[in-house]
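My entries follow in the order I looked things up.

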Amino acid sequence: MKLTTRQLTLCALLTALALALSYLENLFPLSLAIPIPGVKLGLANIVTVFALYALGPGEALLILLARCFLGALFAGNMNALIFSLLGGLCAMTAMVLLSRRRGLSLYGVSIGGAAAHNCGQIAAAMLSLGSSAPLYYLPVLLLVSLLTGGLTGLASACLFQGLRHTEWRKG
């Protein structure tokens with residue numbers, strides 16, 4: 001895939017925004033409001049959903065991969081990379097496939113991506129533990145993905161609504 005300078009710049013800016021949102025999310029522990037271990041809102045996924053619809057799957061995948069690698073590198077936690085990559089790649093695959101279905105809204109695509117992300121992270125946990133025990137936690141995470149995916153979809157829809165009168169896509 002060959003990117004223009006404008007596309008590359010936009011991908012870099014969106015990657016930086018995704019990293020900032022991910023960092024910001026870590027400052028506010030969600031466990032105080034929802035006492036379920038491992039639950040995150042997934043604010044960085046707003047950028048992924050936006051990029052998928054605004055730029056296309058190729059650029060969205062580049063942003064996702066850069067966010068996963070740079071996030072693990074900046075956090076100094078390369079062990080978390082497998083969780084981030086498997087979750088992100090599962091979510092991206094699901095969202096690309098779901099976005100092609102007629103009649104499925106941005107909310108449905110976002111919720112499907114959140115559910116697929118949780119499935120990918122459970123798969124990563126099973127690989128790293130060498131056990132199928134994490135599967136027992138999957139139903140809880142899938143229920144939570146209805147909320148987190150819905151919120152991500154809402155934020156993305158608001159973003160598109162706010163940008164509807166701009167020329168951000170032109171050029």
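What volume does the second largest pocket have? I read about 150 Å³ for the second largest pocket. The model is predicted, so I kept to its terms: local features need pLDDT of at least 70, side-chain atom pairs count only at pLDDT 80 or more, and totals for chains, interfaces and linings use all residues. Residues are numbered from 1 along each chain as its sequence is written, and side-chain values use heavy atoms, with hydrogens and water left out.

**Pockets**

I noted the terms: on a 1 Å grid over the protein atoms alone, a pocket is an open set of points where a 1.4 Å probe fits, with protein on both sides within 12 Å along at least five of seven lines, and lining residues have an atom within 4 Å of a point. A volume is the space filled by probe spheres set on the points, which are joined across faces, edges and corners.

I listed the lining of the second largest pocket, which includes P37, G38, F83, N118 and Q121. Helix α5 gives the most to this lining, with four residues; helices are DSSP runs (H or I, at least four residues), numbered from the N terminus. By class I found seven nonpolar, three polar and no charged residues there. Nonpolar covers Ala, Val, Leu, Ile, Met, Phe, Trp, Tyr, Cys and Pro, charged covers Asp, Glu, Lys and Arg, and the others, Gly among them, are polar.

The largest pocket has a volume of about 950 Å³. Of its 40 lining residues, S22, E25, K40, R67 and S84 are the closest to its centre. I found 19 nonpolar, 18 polar and three charged residues in this lining.

**Helices α2 and α3**

I looked up how α2 packs on α3: the angle is about 160° and the axes are 7 Å apart. Axes are lines fitted to C-alpha atoms over the stretch in contact, with angles from 0 to 180 degrees between N-to-C directions. The pair is therefore roughly antiparallel, a term for angles over 145 degrees.

On the α2 side I listed A44, N45, V47, T48, A51 and L52, which meet P57, A60, I63, L64 and R67 in α3. Nine of the eleven residues of α2 are buried, meaning under 20% relative accessible area with a 1.4 Å probe and protein chains only.

**H117**

H117 lies in helix α5. I counted H117 as buried because its relative accessibility is 18%. Beyond neighbours within four places in sequence, H117 is in contact with G87, G88 and A91, contact being heavy atoms within 4.5 Å.

Conventions. Helices (H or I, at least four residues) and strands (E, at least two) are DSSP runs, numbered from the N terminus. Buried means under 20% relative accessible area, exposed over 50%, partly exposed in between (1.4 Å probe, protein chains only). Angles under 35 degrees count as roughly parallel, over 145 as roughly antiparallel, 65 to 115 as roughly perpendicular and the rest as oblique.
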